[in-house]
Every structure is written in structure tokens, then in C-alpha cells.
Amino acid sequence: MDVKDIIKPENLVYEKTKVLTKTTMHYCPGCSHGVAHRLIAEVIDNLDIQDKAIAVAPVGCSVFAYNYIDIDWQEAAHGRAPAVATGIARTNPDKVVMCYQGDGDLASIGTAEIMHACNRGEDIVVIFINNGIYGMTGGQMAPTTLVGQVTSTTPCGRDTALNGYPLKITELIAQLPGTSYVTRQAVHTPAAIRKTRKAITKAYENAMAKKGTAFVEIVSTCNMGWKMPPVEANAWMEENMFPFYPLGDMKNSEKGAVEECYKQN
Amino acid sequence: MAKVKGAVVVDKEECKGCGLCVVACPYDVLAQNKQVNSRGYHFSFMENPDNCIGCTNCAVVCPDTCITVYRVKL
């Protein structure tokens with residue numbers, strides 16, 4: 001059978017979701033942000049909540065996310081996305097609010113905001129992209145940078161005597177009683193991407209059911225910041241990031257379930 | 001022999017030539033073209049179209065969502 005006979009509308013099995021706009025993303029080739037954006041768009045499409053989804057864009061590479069996902073967006077100051085999302089969620093209880101943040105945004109300047117938003121148990125979805133580096137500004141060390149990892153501000157590798165230790169923010173958040181679902185996923189292989197899609201779907205369902213904050217960390221690559229080709233960056237992430245940031249669900253309950261939080265940690 | 005047959009269409013102007021789909025393909029269908037698109041990227045194309053089973057792995061890993069997948073049962 002010829003390829004031309006297969007390429008017909010009735011045989012279509014996968015196409016770009018309509019929630020994504022036609023704008024070409026400005027991200028570097030192989031960037032995990034592209035996959036994360038598409039997964040969020042597909043989940044919004046599957047759950048049919050395009051009209052009631054509101055998202056808060058962070059500061060970082062994904063600051064232009066409002067150009068790519070066709071839902072309502074609000075831009076927040078650096079690190080303050082969960083605070084802005086709190087306001088939107090409380091004034092619009094019938095909407096689903098998501099904040100999309102990177103590790104420089106969420107784990108460094110916005111640590112106070114995310115901790116308190118999760119502790120208050122705001123009914124929002126938080127997508128946390130962790131690539132261990134400040135990607136947009138040129139690959140500087142972030143709080144999540146691994147020990148010994150070379151960045152532009154730690155050219156000899158991260159030294160714990162000088163720079164302290166990497167921050168496992170997702171483990172901290174899993175201890176808070178306000179959260180309903182805390183998980184860590186990755187987007188480097190087709191299987192991992194399908195799992196992440198399920199996790200984001202569950203996060204949205206929890207937020208819609210007012211169960212508490214749903215937090216999805218996505219361990220991702222920054223191949224330009226790490227100075228590697230995309231395929232090599234994925235292999236490096238598997239080898240070095242996953243032992244320190246193990247994948248899997250950390251919490252799956254409802255807000256207020258204090259016993260379970262203390263039992264798990 | 002596979003009982004399904006697939007085909008992929010790569011939007012060659014959208015493709016940034018990251019090569020993730022080439023690695024994700026279980027049947028070595030895709031490869032990076034020696035030619036470049038208008039932005040200078042070596043876009044992906046079907047090098048061995050006969051092997052494709054339409055598993056959608058390439059489309060699922062594509063960060064720029066430039067792959068559309070078709071599949072027929074034989």
C-alpha cells in the first residue's frame with residue numbers, strides 16, 4: 001500500500017490539538033516545554049474545559065505560553081504565579097486555574113508563594129518544570145542544580161560548601177496538608193509522556209473537584225543550558241537527574257488528610 | 001508481518017530538527033534529512049516508509065507538534 005493511500009482523513013490517528021495555536025513556539029529544538037504545553041492543551045481538550053480554564057504564566061522561557069495555548073492567561077511577576085492564581089481561583093470558583101512555573105521561578109524566588117498557596121489548599125493546578133538550571137538567562141545555577149553540575153555560574157561544578165544543597169521542593173510540598181495530589185513525572189520517552197498526561201488529567205480533575213492543590217513536577221531538559229544535543233540531554237537526565245529526583249506519585253489523597261502526610265514522610 | 005500500516009506527515013517548516021522522533025521510533029522509520037528547511041534545520045522525514053506501523057510515538061515526543069500520524073488495518 002502506498003503512503004498516499006494511507007494519508008487520508010479517515011485514517012487519522014494523531015494530530016495537533018485545537019487548543020494549541022498555530023504559532024511556532026520560540027523554544028530551542030528539543031525543549032521539554034513544547035511537550036509540556038502540548039500535554040496541557042490535550043488534557044484541556046479531552047476534559048472539554050477550554051472555556052473555563054485560566055492559566056497564570058510565569059517569568060522564564062515559558063513567559064510566552066499565552067501565545068501557544070488557546071485559553072485565558074494572566075501574566076504574574078517573577079515567582080508570584082500561585083498568589084495571582086489564588087486570587088483568580090477565589091473570585092472565579094467555577095473556573096479551573098493552573099499556574100505553570102519553572103524551577104528558577106517556583107523553587108527560588110517564589111518559594112514563599114508556592115508553599116503558602118499549597119498550605120492554604122487553594123484549588124489550583126501547579127505545573128512545575130524542573131530542569132535544574134535558569135534556562136532563559138543563560139544557564140546559571142538554580143536551587144535545584146545537582147551537586148557537581150556545571151553551569152555558567154558554577155564552572156567547576158556546584159560546590160556544597162559554597163552553594164549549599166539542591167532543593168527537593170516537591171518532597172516538601174507533599175508534606176503539606178493542603179495538597180491533594182503531588183507527583184513527579186518526566187517527558188523524555190513516549191511512555192513517560194503518556195504517564196505525565198494521566199498525571200495532568202488527574203491534577204485537573206482534583207482541582208475541579210475542589211480537593212486541594214494538585215502539584216505536578218516535570219523533570220525536564222534544558223539542552224542549550226546544559227550544552228548538549230537534545231537526545232544526549234535526555235540520556236544525561238536519566239543518568240543524573242532521576243537518581244536524585246525519583247519519578248512517581250508522592251501523595252494522592254484530599255486536603256486536610258494530615259495523618260497521611262505525616263505517615264508518608 | 002505487521003497487520004497495520006502507518007504513515008506520518010512531518011510539517012517540514014515547523015520541524016526544528018531536534019532528532020527526538022528519530023530515537024523514539026521503534027522501527028527506524030524516521031531520519032533527519034540532509035537538506036534544511038527555510039530556518040536552517042535538518043527536518044525529519046520518512047526514510048523507510050514501509051516499516052511504519054502508525055504507533056504515534058514520534059508525534060507524542062515531538063516538542064513542536066509538527067507530526068501527524070495516519071494508520072490503516074490491512
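**Figure 1. Strand β8(A) and its partner β9(A) in the predicted model.** Ala186(A) has Val219(A) of β9(A) as its bridge partner. β8(A) and β9(A) run parallel and are joined by seven bridges. Between the two strands the chain passes through α8(A), and this β-α-β crossover is right-handed.

**Figure 2. Helix α2(A) and its surroundings.** The helix has 16 residues and reaches 23 Å from its first C-alpha to its last, close to the 22 Å expected at 1.5 Å a residue. Because 12 of the 16 residues of α2(A) are buried, the helix is largely enclosed by the rest of the structure. Among the buried residues are His33(A), His37(A), Arg38(A), Leu39(A), Ile40(A) and Ile44(A). Within chain A, the buried residues of α2(A) pack against β2 (53–57), β5 (124–130), α8 and β9 (213–219). They also pack against α2 (57–61) of chain B. Just after α2(A) comes Asp48(A), which takes a positive phi of about 60 degrees.

**Figure 3. Packing of helices α3(A) and α5(A).** Helix α3 of chain A (residues 81–91) and helix α5 of chain A (residues 111–120) pack at an angle of about 35 degrees, with their axes 7 Å apart. On the α3(A) side the contact is made by Pro82(A), Ala83(A) and Thr86(A), and on the α5(A) side by Glu113(A), Ile114(A) and Ala117(A). By class, these are four nonpolar, one polar and one charged residues.

**Figure 4. The side of chain A that touches chain B.** Here 28 residues of chain A are in contact with 28 residues of chain B. The elements of chain A that give two or more residues to this side are α1 (3–6), β1 (12–14), α2 (32–47), α8 (190–208) and α10 (230–244). α2(A) gives the most, with four residues. The chain A residues on this side divide into 17 nonpolar, six polar and five charged.

Figure 5. Tyr14(A) has Val69(B) as its bridge partner in β4(B).

Note on methods: Residues numbered from 1 in each chain as written. Chains lettered and ligands numbered in written order. Predicted model: local features only at pLDDT ≥ 70, side-chain atom pairs only at ≥ 80, totals over all residues. Contact = placed C-beta atoms within 7 Å. Nonpolar A, V, L, I, M, F, W, Y, C, P; charged D, E, K, R; others polar. Pairing = 2+ DSSP bridges. Expected span 1.5 Å × (residues − 1). Buried ≥ 20, exposed ≤ 12 C-beta atoms within 10 Å, placed from the backbone. Axes fitted to C-alpha atoms, helices over the stretch in contact; angles between N-to-C directions. Right-handed = clockwise from strand over helix to strand, strands pointing away.
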